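Trainee: I have a model open and want to learn to read its side-chain contacts and surface. Where do I start?

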Amino acid sequence: MELNTTVAILMGVLALAALYAAVRVNGRSEAGRRAAPGYVIFAIGAALQAMTLVRSEYSTLMAVLGTAGLVLGLGMIARAWSTRSASA
């Protein structure tokens, strides 16, 4: 198995884990409800990265969009949870 395929599989698993986390935290607290969209955006970014890795022709635009989704999702998650710890 090629390295690209292995990394794509890991990114797919990461995307599924992020979606599972979004479902789990959504109804838990106010911070969880604010963090859930970040998990979904992160999952979309991971799926875009995985798709970019397995396609035969590399697309820079898709790689940039995937990376932007990962960064934006992580930022939203971190901001939601840091707001929770600051208000506690």
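Mentor: We will go through the charged pairs, then the surface. Keep in mind that this is a predicted model.

Trainee: How many salt bridges does a search of the whole structure find?

Mentor: General idea: side chains of opposite charge can pair when their charged atoms come close. Here, the search of the whole structure turns up two salt bridges.

Trainee: Which side chain meets Arg 33 in a salt bridge?

Mentor: That of Glu 30, with an N to O distance of 3.5 Å. The cut-off is 4 Å, so the pair counts as a salt bridge.

Trainee: Where do Arg 33 and Glu 30 lie?

Mentor: Both are in helix α2, which covers residues 30-54. They are three residues apart, about one turn of the helix.

Trainee: And the other pair: what is the N to O distance between Arg 34 and Glu 30?

Mentor: It is 3.8 Å, and those side chains also meet in a salt bridge. Arg 34 and Glu 30 are four residues apart in helix α2, so about one helical turn separates them. Now join the pairs: salt bridges that share partners link Glu 30, Arg 33 and Arg 34 into one network.

Trainee: How exposed are the members, starting with Arg 33?

Mentor: Read the relative accessible area.
- Arg 33 has 41%, so it is partly exposed.
- Glu 30 has 46%, so it is partly exposed.
- Arg 34 has 34%, so it is partly exposed.

Trainee: Now Tyr 20. Is it buried or exposed?

Mentor: Tyr 20 has 55% relative accessibility. Exposed means over 50%, so Tyr 20 counts as exposed. Its place is in helix α1, residues 3-26.

Trainee: What separates the C-alpha atoms of Tyr 20 and Tyr 39?

Mentor: A distance of 8.7 Å. Along the chain, Tyr 20 and Tyr 39 are 19 residues apart. Read both numbers: one is spatial, the other follows the sequence.

Trainee: Which residues form the nonpolar patch on the surface?

Mentor: Leu 16, Leu 19, Val 40 and Ile 44. Together they have about 350 Å² of accessible area.

Trainee: Which helices supply at least two residues each to the nonpolar patch?

Mentor: Helices α1 and α2. Ile 44, one of the patch residues, has its place in helix α2.

Key:
Residues are numbered from 1 along each chain as its sequence is written. This is a predicted model: local features need pLDDT of at least 70, side-chain atom pairs count only at pLDDT 80 or more; totals for chains, interfaces and linings use all residues. Side-chain values use heavy atoms; hydrogens and water are left out. Buried means under 20% relative accessible area, exposed over 50%, partly exposed in between (1.4 Å probe, protein chains only). Patches are made of residues with over 30% relative accessible area and no salt bridge: like charges are joined within 9 Å, nonpolar side chains (Val, Leu, Ile, Met, Phe, Trp, Tyr) within 5 Å. Accessible areas come from the Shrake-Rupley method with a 1.4 Å probe; for residues, only the protein chains shown count as cover.
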